[in-house]
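This report goes through selected features of the model shown below. It is meant for a reader who has not seen the structure before.

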Amino acid sequence: MSDLLDNRPKVDLLIEGEHNYDTITATIGGVVLDQEQYHPTNKRVGKNWILLGLLFFSLLNVMMVAVGWLLYQGIGVWGNNQPSGWGFDIINFVWWIGIGHAGTLISAVLLLMRQKWRMSINRFAEAMTIFAVMCAGLFPLLHTGRPWNAYWLFPYPNWMALWPNFRSPLVWDVFAVSTYMTVSILFWGIGLVPDFASLRDRTKSKIGKFLYGFASLGWRGSTKHWMRYEQAYYILGGLSTPLVLSVHSIVSFDFAVSILPGWHTTLFPPYFVAGAVFAGFAMVLTFLIPMRSWFNLKDFVTMKHIDWMCKIMLATGLIVFYGYLAEVFFSFYSGNAGEIAMMKNRLFGPYAWAYFTLILTNGLIPQMLWKQKNRQNLKLVMFISCSISIGMWFERFVIIPMSLHRDFLPSSWGMYVPTLWDISMFLGTIGMFGFLMFLFIRFVPMISIFEIRELLHVSKPKKGGHA
Amino acid sequence: MDKTRPRIDWDAVREKLKSEGGPTYWRSLDEVVETAEFKTWVEDEFPDRLSIPDIDRRTVLKFMGASAALAGLAGCRNLPQTKLVPYVNDPEGRPIGVRVQYASIMPFGGYGFPVLIDTIEGRPVKIDGNPDHPWSKGGSDIFAQAEMLNLYDPDRLRNPVNEGLISTWDAFFKQWRGIFAAKKSSQGAGVAMITETVASPCLVSKMEKLMAAYPQAKWFQYEPVNSDGEMAAIGNLMPIYDFAQAGTVLSLDGDFLSGSPHHVSYAADFASRRDPALADAMCRLYAVESAPSPTGAFADHRISVKPSQVVAVARLIASACGVSVTAASIPEVSVSWVRAVADDLKSRKGAVFVGAHQSQEVHALAHEINLAIGAPVKYVARSEGRPTPKLASLKEFVAGSFDTVIVLGGNVAYSAPGNVKVADRLLGAKNSVYLGLFENETSRLCKWQLPEAHWLEAWGDNRTPDGTISIQQPVIEPLFSGKSQLEVVLGLLGDTTSAREVTRKSYSVSDAVWNDGLKRGWMNSSPRLIPSFTASRGSAVAVSGIEAIFLPDPTLFDGRYSNNGWMQELPKPLTKLTWDNAVLIGPKLAADQKLSDEDMVKVTANGVTVEAPVFVQVGHANDSVTLHFGGGRTFGGRVLQNCGFDFMKLRGDDSFCTVTIETSKGVYPLATAQVHHSMEGRDIVREGTVAALSTNPKLLPEEHEELEIETLYNYTEVLAKENPDLPQWGMTIDLNYCTGCNACVTACQSENNIATVGKAEVSRGRELHWLRIDRYYKVAKGNERHDIQTGVGEAWKFESPMHNTGSGPIRDADALEPSNVATVFQPVPCMHCELAPCEPVCPVAATTHSHEGLNQMVYNRCVGTRYCSNNCPYKVRRFNYYNYQHGQVDFGFKNNDKRKGDDQAVIGKRYGNANFRGEEDIQLLRMINNPDVTVRSRGVMEKCTYCVQRINAARIKSKKERRPIKDGEVVTACQQACPTKAITFGDTANPQSAVSKKKKEERNYSLLEHVGTKPRTTYLGRVRNPNPSLEGGK
């Protein structure tokens, strides 16, 4: 903590407004508990929450129908074909996994690096991680021709003594993603225990008391609890840290390990990880900017937070952009006819529009973040974040169907076109993600109450906790 | 407070407080006395922060190791031992699971094609050519293979039907014998029999008997693919070519390498003369054609002319060969070309072959040339009954007046040219009957429709075109109540003898000879050779402007295979179109009329207009269109619904005529199996000239790097070392012999239970053919060839896959000149790579490598991630996107009949849309399945297995006989079907095997060698034999 004390102004910007322990709990917890008396200015749950929640809920239902139809009919309802065995399914998988990465980075890496500013956004980002991984996980499961047998990818003891093929990157994926999911849930859940206890103590509803009481695992706030808590939290932080790098590296192996031009490249692991953090922060901002305004949380998610997140986006975006340029360069530099043809197809082929959409949305538009003024313009930041989300999706489109559709033998070339069901499935997972986020906002404190209190504590002694 | 807690010892407290070292402040009395409870509480509340790191590394690792080991142990269990008890006594005479082969003869165009039929437990499952018969030499073609599906087609007629009501054979014979009895007085006046060509001696004799009993009755014959031109030119003669003797072949619009089972032996003979080892003696093929065909694709020199100009070329060559004829030169053909062809024909034992549809004059000139140059062609008397020019015969029927019409087979109402109004005549007849396999356009016009017995169900006999007689031996009881044409004629004669007896009695041979003939597939008989004849040239057909040529569809023939899903889905050799025919035009006409693929046009000829989509066929003659008939049928089954366009309506008296093409509105989606046609400069199909073989024996492309693929683990060596006794399977495909005829594709489909998927699925690239034939166009300039340049990198706009496949426009001016376009074929099955990229990526190890080098697919284990397919550089893997085997595919697309739920009413395009009979039909179709091959279900990847079931059958046999598997004992389905024996399969570990010898040839190369997959399937480059004197051009 000494570093924080030494760096006073930074701390000050992490909490704005007049706050004490009680107001912090009331402001954040009020969203969940719907108790006006805790904070008179709290807008509580409003029209926006209901309307957007309904929208997401209906999209979720679209997903249910899409999944049902898929299970009933088979993969044929999607646009996948030969040569493009993968399409929207794996694009969406990678896209969602990437989005999850901001959460892990914020919670784990920044935790270990003692970056206190993470405290305002980590809960939110971690929730996003979990929901994004849930959305992501649906795709590899459902993209199999026989999803009811998908458990064969797990190494479980069985009568025929059959193991999965450990050489396959898809098996690595199973381990990577399931580890990621487990650790993310544990991390998030442990972090929530003290806050659940606060809510348990404040809620007036009986059900709330029971549920929050159950979730808080008998938390009394004793020294021992805090100590255990910190141990567990740091251990999990340590466990998650390699995951930030490993999960998306392994996902990138799905492509890098294959022999297909456009996939077979050593560039992928770092470029995928950077892209994931890039996408993740964009998605955090996309949700956080409206939320902090609707739920009156501007004091805790300050402009400084947004500024820092923009900077991370800019940095990772530059890595990604470098990756794009390197891909072009190495394709031609390799002298390999297949690589050159693949790159020409990207630049001039029938899907060139997708490639240039990617360059525009992921490469060029984020360059606006160089300017401090732009980073403070919330509308612009929102626009850039959305642009990055779109760009990251197109990045996977460029990699997956655009490499597959024209490979080695021109006789097998074809086009990939998604069907209505592909699009429904994709929108549906957005619905699921959004709906889960909305439930999360409503039932779980979206900012870590106790950590904000801790921030208040460290910044209080001299200035009285204001800006 | 805990009740059990001991009371505080106050003395001790006081003592403590008094003592000097006691704490000054205390929080509780417990602290003061330092009770054990207090200590515990303190420890609990403020636990030692170092507790976790205290556990030493070794302990952590021990626990981790133990957990992992225990988890692993849980997977190890002994398999329960069970025993299977076989039949105590096998059913007599019916060996379970053993294939029994029968020889028979398949009628096609009236004449027979000798076949062997595989039956398992009394059920025919596979048809192949009879290797001992000279008319097949073991090869077969798509139609022979497709007969299997025709047999089990659920759409077949099942009962005699009288005016829409189900009736019986007895009722039919009772009524019709009555009709015939009534006709006795008028000697059968007003009775017309319409058949196709009939070459069966037995049937002919019974027909003649019927005709003799009713002298006024008429026998008409019609089929749309006929020899009218040839018969007009040379009378009742049948030219039988001996291509094995031919040093030069000139094809005048004739596709003698594919298109009919009767071309199988021609292709085999021709191939025997294409061995590059023959060097200069290698046969040279010249082709003059309008619509590109496999023969044209194979040709060393190909000239593309309008159909009407073929006669001009024939005159030029005839004149140069010394036949007296007035010849005028045409711009498409140079004088030097004609001279070169004529010289070759004369000096290299040439033969001229003419397409059956060509005009009388072309036929006459060709045979005059053949006589003049002493071509290896023998002329035999046509052995069919009453050789008749077919169109004239049909016209005679229409002109006459008949109240009693008997139609035996065929489909005259559909296949008659538009200007011959057969339908009215059939409808007008007082009594009419149709006998056929299916309901069709003709049967619905007749009062009676009778189910015909499939030739696999009925006794009879037939002749091959060269006159050899074979017995048509049934291999299964009629599935429905069908009767053969012979049986119906017998019935009309009042003859109650069975067809078997009739057939047997018509051969006065001993039982031993008879049985021997049955067993080997033919009876001893000698054709009548005709040594000389005079050809009659007739008059030329007058055509002007844009011409249309009417040709039988490459896969549907004259429409008789329209209800056959295999044939509908089989990509046509050149266009690769499936499920539809289209107006084929050349790129120049397309450019002139601003047309592109799938644009609708109005084609008008002989006063009839048909609206159909165009398809741009590179290499198609300018100012002409090709119209394939056989598509666009309207009635006759569920598969043929909404497939293609009926161009027969446009046809007049001749096979080509003047047409007008007008752009119409809209587009019609066409499903092609291959959308890109250029090799884009990649080293895919190697070819070269026989002359260049001496300098470039490997036929390497110009820019070729010799690759030393280094590997730490030499799989080939390791496999051979570890398994010295096992064969190492491998295949070679000699592109030098591939004609692109598709026989292998259909044979594979039949052997391996490959489902058809329907048009919508093909257009999504989801067809399931394990073996596909890639077709690439090249530009031929002189004797050099280069890939067509395409605008692959130019298509900036988004193109809908249904309309334009995004393959990029052709940017090669040379490719617009049709005669410059060359075509190469390349069959692509699974390569069975030694370092197969599909294997490591499968997460569940569903695709693995066998010790014999097979890349195996374990369907049961497959979960369907499709990763293997993505990683396959050859894209030979096929995925069951739907439950195609149960025809589920159409549920979401076209099927209107949703009455019966998933498995039943949900019908694939394969089985049509309406009137599905549900589970019964599925059961019937299941009978076609090869029981040795797993039927794949939804969500499973599949691919070529090298016919592993045949390997295993050979292994079982060899083990029983305690010997290794012999070379040539395992024959894959594709290899067996190939007329030209382009495919060789066997043990590559045995240096003496045929496949090893092939692989040692210089021309042997691996496809995509640079990827390092080490394919077991390798190719041998194609060798052309162009005329050196035509180096400069045409």
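## A buried glutamate in chain B

In this predicted model, B:Glu547 counts as buried because 22 other C-beta atoms lie within 10 Å, and the cut-off for buried is 20 or more. B:Glu547 belongs to strand β19 of chain B, which covers residues 547-552. Leaving aside neighbours within four places in sequence, B:Glu547 has contacts with B:Lys306, B:Pro307 and B:Ser308, with B:Asp623 and B:Ser624, and with B:Phe656, B:Cys657, B:Thr658 and B:Val659. Between the C-alpha atoms of B:Glu547 and B:Ala621 there are 9.9 Å, although 74 residues separate the two along the chain.

## An open sheet in chain B

Chain B also has an open sheet of seven strands with mixed pairing. The strand order is β5-β4-β16-β15-β14-β6-β7. At the edges are β5 (165-166) and β7 (218-221) of chain B, each of which pairs on one side only. Strand β6 (residues 191-195) of chain B runs parallel to β7(B), and four bridges join the pair. In one of these places, B:Ile194 has B:Phe220 of β7(B) as its bridge partner.

## Where the chains meet

The contact between the chains draws on 56 residues of chain A and 65 residues of chain B. On the side of chain A that touches chain B, helices α7 (169-202), α9 (223-256), α12 (337-348) and α13 (352-364) of chain A each supply at least two residues. The table divides that side of chain A by residue class.

| Class, chain A side | Number |
|---|---|
| Nonpolar | 30 residues |
| Polar | 21 residues |

Definitions and conventions: Residues are numbered from 1 along each chain as its sequence is written. Chains are lettered from A and ligands numbered from 1 in the order in which they are written. This is a predicted model: local features need pLDDT of at least 70, side-chain atom pairs count only at pLDDT 80 or more; totals for chains, interfaces and linings use all residues. Two residues are in contact if their C-beta atoms, placed from the backbone, lie within 7 Å. Ala, Val, Leu, Ile, Met, Phe, Trp, Tyr, Cys and Pro count as nonpolar, Asp, Glu, Lys and Arg as charged, and the others, Gly among them, as polar. Two strands pair if DSSP finds at least two bridges between them. A residue is buried if 20 or more other C-beta atoms lie within 10 Å of its own, exposed if 12 or fewer, and partly exposed in between; C-beta atoms are placed from the backbone.
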